[in-house]
Every structure is written in structure tokens, then in C-alpha cells.
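Thanks for coming, everyone. Let me bring the structure up on the screen, and then we will walk through it.

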Amino acid sequence: MPQTIAVLDFGSQYTQVIARRIRESQVYSKIYHYKTPASKLREDDVIGIILSGGPSSVFAKTAPIPDREIFNLGVPVLGICYGIQLLSFLLGGRASRSKQREFGNGTLTVTKPGRLFGKLPRKLQVWNSHGDKVIKLPEGFTAIGTTENSPFAAIEDRKRNFFGIQFHPEVFHTERGVEIIRNFLVRVCKAEQDWTTKDFIAHSVKEIKKQVGKSRVILGLSGGVDSSVAAALLHKAIRKQLVCVFVDNGLLRAGEREAVESLYKRNFKIDLRVVDASSLFLRRLKGVEDPELKRKIIGNTFVEVFEKSLKTIGKADYLAQGTLYPDVIESVAIGDNPASLIKSHHNVGGLPERMKLKLVEPLRELFKDEVREVGAALGLPKEVVWRQPFPGPGLGVRVAGDITKARLKVLRGADTILTEEMKKSGWYWKVWQSFAVFLPVKSVGVIGDERNYADVIALRIVGSKDAMTADWTRLPYDLLQLISNRITNEVEGVSRVVYDVSSKPPATIEWE
Ligand code: XMP
């Protein structure tokens with residue numbers, strides 16, 4: 001095991017963010033269930049412990065309480081939010097319900113900088129979210145920082161290297177929060193800061209091998225960043241035991257299937273099975289105009305085709321998925337069986353349970369940008385690593401209204417030109433998504449002296465951080481003109497190109 005910082009999870013929505021901040025300081029961290037026995041942490045060579053925040057109150061009957069022996073391991077402990085209450089509660093101090101719930105921004109006044117705050121300014125904007133507060137310090141502790149509502153907003157036991165902070169240093173809104181965490185890691189825990197993406201890969205390879213042994217693993221490859229990186233990582237670990245399945249649903253962008261085949265079959269020599277189910281998908285979608293119904297049909301057909309394809313592959317015990325942290329709806333049940341509540345939304349239509357497949361999700365603790373770094377380090381090309389998101393239902397939700405082969409052909413033609421020009425001008429890499437939409441209306445145009453009653457293409461180009469909100473991109477007029485000219489000249493059947501200037505909300509990114 002590398003030098004490990006244990007993050008004990010008490011159900012905070014920020015636990016993964018703490019782990020991420022630790023990785024940003026190039027230190028390895030692992031999230032443990034709050035009940036993990038101290039002996040296990042000792043076994044794992046843990047050099048420091050962070051107690052996460054959590055939704056509970058230490059006074060609640062069901063309050064999650066860790067193994068008290070963790071305080072006797074001789075390693076530094078940092079309690080954050082709920083963690084500081086725990087420290088006080090378990091080590092002989094007192095916490096109480098605060099009259100003033102502190103939520104949102106506050107000002108921390110550092111009274112004793114010590115190792116935790118070091119050279120940071122004496123006043124810091126910090127982000128709070130708590131109802132309880134410490135009212136009496138446990139023996140050995142002193143206050144090192146205060147806020148408007150709390151004389152014990154930051155506390156320290158110098159001898160035992162225990163620290164508690166009431167605010168959340170891991171969130172973006174806390175000024176210099178990353179440095180506070182780094183001070184704990186480096187100055188208190190003496191972490192060496194040598195954990196890199198390469199180490200992550202080596203460690204994951206070892207873990208995957210340990211988890212799957214000699215079993216075969218199936219992975220549904222979509223061509224997107226997450227499944228691509230997962231495939232490359234799994235392949236590095238278990239080579240021929242990995243079988244990837246790529247379903248052509250007839251709703252892919254032009255050349256997509258070929259690009260996936262050439263990348264994985266030729267360059268990586270991955271066992272890739274391409275299933276052409278395009279006719280089946282298009283047959284089922286015939287005449288369907290309702291977007292939700294389209295999605296349902298596409299989703300169900302995918303599961304059916306995927307499941308059928310597994311039969312030809314033979315016995316496998318695992319299903320691998322490129323689930324990332326933001327995909328994981330994670331909540332620790334503050335009762336008896338926490339881990340059972342963890343769900344993945346990518347989970348292909350209940351397939352794992354039905355087929356008795358166990359899950360392998362090597363990226364589940366990472367954020368998107370970290371996954372991209374891993375992909376690049378594994379040798380995936382820029383086109384894959386920096387690929388824009390593409391929805392599961394593909395062009396099915398970009399042909400508004402009835403999906404026909406003819407409409408798909410027009411859309412693919414327009415989309416290819418848009419993508420080409422976006423890449424050529426460098427804009428492709430700057431925006432969140434850029435794509436064409438086929439509109440189910442005709443408009444009058446003129447070619448030569450002839451009236452041309454033909455299709456309309458909308459361009460949708462947006463900037464976003466997480467797809468929750470988005471704004472339309474102010475693309476240079478000249479570039480828009482070039483794209484529009486090329487589409488109307490080169491794609492037969494298009495008389496008009498329009499630019500979508502709606503933001504999300506109130507619109508969504510996709511049209512359907
Ligand atoms: P909306 O249209 O909801 O899209 O603003 C937000 C982001 O999600 C993508 N998207 C999907 N991805 N399956 C997916 O895997 C879907 O059904 C789906 N619908 C939308 C969309 O491309 C955007 O990035």
C-alpha cells in the first residue's frame with residue numbers, strides 16, 4: 001500500500017471532494033466506511049485520518065460513531081464539521097445544538113496559526129453548514145480559530161496531533177481550503193506528495209487483478225470518454241479476460257463505429273465484438289415522435305441486444321462500467337448497512353442482477369478531469385480523451401420527430417461539417433458540446449433559379465461546467481457563416497441553417 005490518508009465517511013455529500021483535494025496534493029487517500037475497525041487502518045499503513053462531515057447530529061440515537069480505537073493508533077486526525085463534533089463528543093468535551101445555525105459564508109479568525117494554518121492570512125472566508133457546535137473542549141485541546149458564532153471553530157491537540165475544524169475546507173467557497181488540507185497532509189502527517197496518475201494506474205491494475213482473478217469481464221463500450229478509459233485500464237490489467245461489446249444502434253455519428261473499431265481492435269488489440277443492431281433499432285423507432293418514448297425504446301432495445309450478445313461470448317462473472325464519481329448517487333445510510341445504498345445510474349437496465357454479474361468500476365472515485373488524465377497516461381488519443389459528451393440515445397434525440405434513414409443521413413452530413421470546422425478552428429475543445437439537430441420542418445430556399453423546399457438544420461453549441469446549466473456559445477460570425485455555407489452547399493436536402501441561442505435553463509442542451 002502507498003502512504004495512505006484514510007477518509008472516514010460519515011455520509012457527507014463532500015466526502016469524495018475531500019478525497020479529490022488530497023489527490024490534488026499528490027497524496028494517496030482511500031475512503032473508508034465510518035465503522036472500519038482501527039486494526040484495518042493499521043494494517044493499511046494509514047498515516048493520517050480525516051473524519052468527514054455528515055448529515056447527522058452527534059446527539060441523534062442513530063449517530064454514526066467510529067471505532068474509538070482510531071484515536072489510539074498514534075496517527076494525526078482531522079475532524080471536519082461533523083468530525084469536529086465527534087472529536088469533542090468522544091474525547092471528553094461537549095457539543096450542543098447551536099442556536100444560530102451557521103450556513104454559508106463566514107469569517108474565520110485564526111488565533112494560533114500553528115501547523116494547520118501556517119502562513120495563511122489571519123482572516124479567511126470559510127464555508128459552513130452545521131447546526132451543532134463545540135461548547136467545551138476535550139482535555140489537551142486549545143482553540144486555534146474562531147468564527148462569529150463559534151469560539152471553537154478550529155481546535156488543536158498539539159501533543160496527539162488531533163485537529164478539528166467546523167467549516168468545510170474541501171469546498172471551493174472556502175478561501176485557501178486546499179492549503180489547509182495540504183498543511184494537514186504535509187506538515188502534520190508528513191505525507192511525501194509523490195502520488196501521481198501513473199501510480200493511480202499501477203494501483204488500479206493491481207486492484208482489478210485482485211478483484212476479478214481469472215474471471216472474464218464484459219464491458220459495454222460506447223466510445224465515450226468514461227467507457228473508453230475504463231476499457232483501456234481494464235485491458236492493461238487483465239488483457240484477454242476482457243471482452244468489449246459495442247452496439248451499433250444506427251443512431252451514431254458518421255464514422256463513429258469505424259473509429260472505435262480501429263482504435264480498440266487495431267491499436268489496443270482488445271477483444272471487441274461489434275453488434276450491428278441498427279435495423280432493429282430503426283424498425284422499433286419507426287413513426288415514434290415522442291421523445292420519452294424514443295428514449296425508452298432505445299434503452300430497452302440496448303439492454304436486449306447487449307444481453308443477447310453476452311450469450312455468444314460465453315461465461316463471464318463481471319460487468320465493467322466506466323462509472324465516475326458524479327454518476328454515483330451515493331449516500332451512506334446512517335444505520336446498519338451503509339454500503340447497500342450505493343447505486344450507479346449507468347447500471348445497464350438491471351442487467352448485473354439478472355445475469356448475476358458482479359460490477360467492476362475502476363473509475364468510480366474519480367472526477368471527469370482526473371479520468372481524462374488517466375486516459376491520456378494510458379495512451380488514448382486526444383480525440384477520445386477530450387471527446388465531447390454524446391447522449392446514450394445518440395442521434396435519436398437529435399432528429400426531432402420521426403426518425404428515418406433519410407433524416408439521419410442529412411443530420412450526419414451536417415454534423416460532420418460542423419465537427420470538422422469546430423476542430424479546425426479549435427473551438428471544439430473550448431465548448432462543452434457542439435452538434436447539429438434535424439428539425440422536422442421544411443423551409444423554402446432557392447438554388448439557381450429553382451425553388452428549393454427542403455430541410456432545416458439547427459446548430460447547438462453550448463458552454464457548460466457540468467451540464468446542469470449551459471449558455472449558448474458566442475461563436476464568431478465568420479465561422480458560423482462558413483459552417484452554414486458548407487452545410488447548405490454540401491448536404492443535399494438542406495435549405496436553411498439556424499443557430500440556437502437559448503440557454504439552459506429554461507431550455508435543455510439537447511432538443512429532445
Ligand atoms: P440536457 O438535454 O438534459 O442534457 O440539458 C444534459 C447533458 O446530458 C446529455 N444527455 C444524455 N446523456 N443519456 C445520456 O447518456 C441521455 O438520455 C441523455 N440526454 C441528454 C446531453 O448530451 C448533455 O450533455
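Let's start with a question: is tryptophan 429 buried, partly exposed or exposed? Tryptophan 429 is partly exposed, with a relative accessible area of 27%. On that scale, buried is under 20% relative accessible area, exposed is over 50%, and partly exposed lies in between, with a 1.4 Å probe and protein chains only.

A word on the source. This is a predicted model, where local features need pLDDT of at least 70, side-chain atom pairs count only at pLDDT 80 or more, and totals for chains, interfaces and linings use all residues. Residues are numbered from 1 along each chain as its sequence is written, and side-chain values use heavy atoms, with hydrogens and water left out.

Now the rings. The structure holds eleven aromatic pairs. Rings of Phe, Tyr and Trp (its six-membered ring) pair if their centres lie within 6.5 Å; planes under 30 degrees apart are stacked, over 60 edge-to-face, the rest tilted. Phenylalanine 71 and phenylalanine 162 make an edge-to-face pair, at 5.7 Å centre to centre and 65° between the planes. Phenylalanine 71 sits in the loop between strand 3 (46-51) and strand 4 (77-80), and phenylalanine 162 in strand 9 (residues 162-165), so the pair ties together parts 91 residues apart in sequence. Helices (H or I, at least four residues) and strands (E, at least two) are DSSP runs, numbered from the N terminus. Phenylalanine 71 is buried at 9% relative accessibility. Phenylalanine 162 is buried at 2%.

Back to tryptophan 429. Its ring centre is 4.7 Å from that of tyrosine 428 and the planes stand at 80°, so this pair is edge-to-face. Tyrosine 428 is buried, at 5%. Lysine 382 lies over the face of tryptophan 429, 4.3 Å from the ring centre. For that, NZ of Lys or CZ of Arg must be within 6 Å of the ring centre and within 35 degrees of the ring normal. Arginine 20 lies over phenylalanine 367 in this way, at 5.2 Å. Phe10, Tyr34 and Tyr82 are linked into a cluster by ring pairs.

Next, charges. How many salt bridges does a search of the whole structure find? It finds 28. Each is a side-chain nitrogen of Lys or Arg within 4 Å of a carboxyl oxygen of Asp or Glu. Take arginine 486 and glutamate 421, with their closest N and O atoms 2.6 Å apart. They link distant parts of the chain: arginine 486 is in helix 15 (residues 477-490), glutamate 421 in helix 14 (residues 405-425), 65 residues apart. Both are buried. They also belong to a salt-bridge network with Glu420, Lys424 and Glu490. Another bridge joins glutamate 179 to arginine 176, at 2.8 Å from N to O. Here glutamate 179 is partly exposed at 27%, and arginine 176 is partly exposed at 36%.

Five strands form an open sheet in the order 12-11-10-13-16, with parallel pairing. Two strands pair if DSSP finds at least two bridges between them. The edges are strand 12 (271-276) and strand 16 (358-360), each pairing on one side only. Strand 11 (residues 242-248) and strand 12 run parallel, joined by six bridges. Cysteine 244 has leucine 272 in strand 12 as its bridge partner.

That's my tour. Over to you.
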